[in-house]
Each structure stands twice: as C-alpha cells, then as structure tokens.
Amino acid sequence: MYNYKQSGLGNIKLLNGFKLHDTPYGKSVTIADIKGLHKQIGTALINKQGLLTNDEVRFLRTELGLSQKALAQTLSVAEITVRGWESGKAKISGPADRLL
C-alpha cells in the first residue's frame, strides 16, 4: 500500500498501479495512470457526503487548472474567500460546494 501524499490529500491510499524505486536520493514512486487516478479522486470528492475540506477544494481547483482568482470569479465570490477555504480559515458554503 502507498500513501499518496503528493495529491495534497492525506487519505489517499493506493493498493496497486504504482511501483516503488530506490534512487541515489531515496525512495521514489511511479504511478501508472496519474491522470486516471486524479479523475477518480475528483469523482469521489464531488460525490462524497458533506462539505469539501480545504485540501479537497485546493485539489479540485488545481485539477480544473484554475487560479484562486479564476475560481472565485466562476463561483461569484471574492478571491479572499477562496484563499480562506483553502487555508482552512473559512468553511466553504453549501451553494459554493455544490457548484464546485
């Protein structure tokens, strides 16, 4: 099992589809289908019960290729609001959560 911390989410555990390697700089991992993995993670996040966490908001925004400013404009909120969601200083609202 591999804890995929590079996603920015602390709870992603891979059972297969990866290989661990020893390098001169330490351990390294190769993931067979990173795009497919990220699509699966995104699908799981948008279908989960409850509001998105700060790390989940950041993951989805990044996967959508949006800056904080662009996401804020898309959701009709202030950029500082998106920063608050991603830093954990503010909870995402229900309507913004559903739109994202």
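These notebook entries record what I looked up in a predicted model.

**Conventions**

I number residues from 1 along each chain as its sequence is written, and side-chain values use heavy atoms, with hydrogens and water left out. Because the model is predicted, local features need pLDDT of at least 70 and side-chain atom pairs count only at pLDDT 80 or more, while totals for chains, interfaces and linings use all residues.

I took helices (H or I, at least four residues) and strands (E, at least two) as DSSP runs, numbered from the N terminus.

Buried here means under 20% relative accessible area, exposed over 50%, and partly exposed in between (1.4 Å probe, protein chains only). This core has 21 residues, of which Y4 and I41 touch the most other members. Helices α1, α2, α3 and α4 are the elements that give two or more residues to the core. I then listed the contacts of Y4 (heavy atoms within 4.5 Å). Leaving out residues up to four places away in sequence, Y4 touches L9, I12, L14, I31, I34, L37, H38 and I41.

**Entry: S7**

I found S7 in the loop between β1 and β2 (13-14). Its relative accessible area is 10%, so S7 is buried. I checked its polar contacts, each a pair of N or O atoms within 3.5 Å; within protein, one must be able to donate a hydrogen and the other to accept it, and residues adjacent in sequence count only if both atoms are side-chain atoms. A polar atom of the S7 side chain lies 3.0 Å from the backbone oxygen of Y4 and one lies 3.1 Å from the backbone nitrogen of L9. Beyond four places in sequence, S7 touches I12 and F59.

**Entry: aromatic pair and hairpin**

I searched the whole structure for aromatic pairs: rings of Phe, Tyr and Trp (its six-membered ring) with centres within 6.5 Å, stacked if the planes are under 30 degrees apart, edge-to-face if over 60, and tilted for the rest. The search gave one pair. Y2 and F18 form this tilted pair, at 5.5 Å centre to centre and 35 degrees between the planes. Y2 lies in strand β1 (residues 2-3) and F18 in strand β3 (residues 18-23), so the pair ties together parts 16 residues apart in sequence. Y2 is buried, at 15% relative accessible area.

I followed β3 to its partner, counting two strands as paired if DSSP finds at least two bridges between them. Strands β3 and β4 (residues 26-31) run antiparallel and are joined by six bridges. They form a hairpin with two residues between them. H21 has S28 in β4 as its bridge partner.

**Entry: helices α2 and α4**

The buried residues of helix α2 (residues 54-63) are E56, V57, F59, L60 and R61. Their cover includes α1 (34-47), α3 (68-75) and α4 (79-87). In α4 I noted V82, G84, W85 and E86 as buried, and these pack against α2, α3 and α5 (94-99).

I also checked backbone angles. S76 has a positive phi of about 60 degrees although it is not a glycine. S76 sits in the loop between α3 and α4 and is exposed, at 67% relative accessibility.

**Entry: salt bridges**

Which residue forms a salt bridge with E86? I required a side-chain nitrogen of Lys or Arg within 4 Å of a carboxyl oxygen of Asp or Glu. By this rule I count six salt bridges. E86 pairs with R61, the closest N and O atoms being 2.4 Å apart. This pair links distant parts of the chain, E86 in α4 and R61 in α2, 25 residues apart, and both are buried.

E56 forms a salt bridge with K48 at 3.0 Å; E56 is buried at 9% relative accessibility, whereas K48 is partly exposed at 29%. E79 forms a salt bridge with R83 at 3.4 Å. Both lie in α4, four residues apart, so about one helical turn separates them. Salt bridges that share partners join D55, R58, R61 and E86 into one network.

**Entry: Q68**

I placed Q68 in helix α3. Its side chain makes a polar contact of 2.9 Å with the side chain of E86.

Technical notes:
A nonpolar core is a set of buried Ala, Val, Leu, Ile, Met, Phe, Trp, Tyr and Cys residues joined through side-chain atoms within 4.5 Å.
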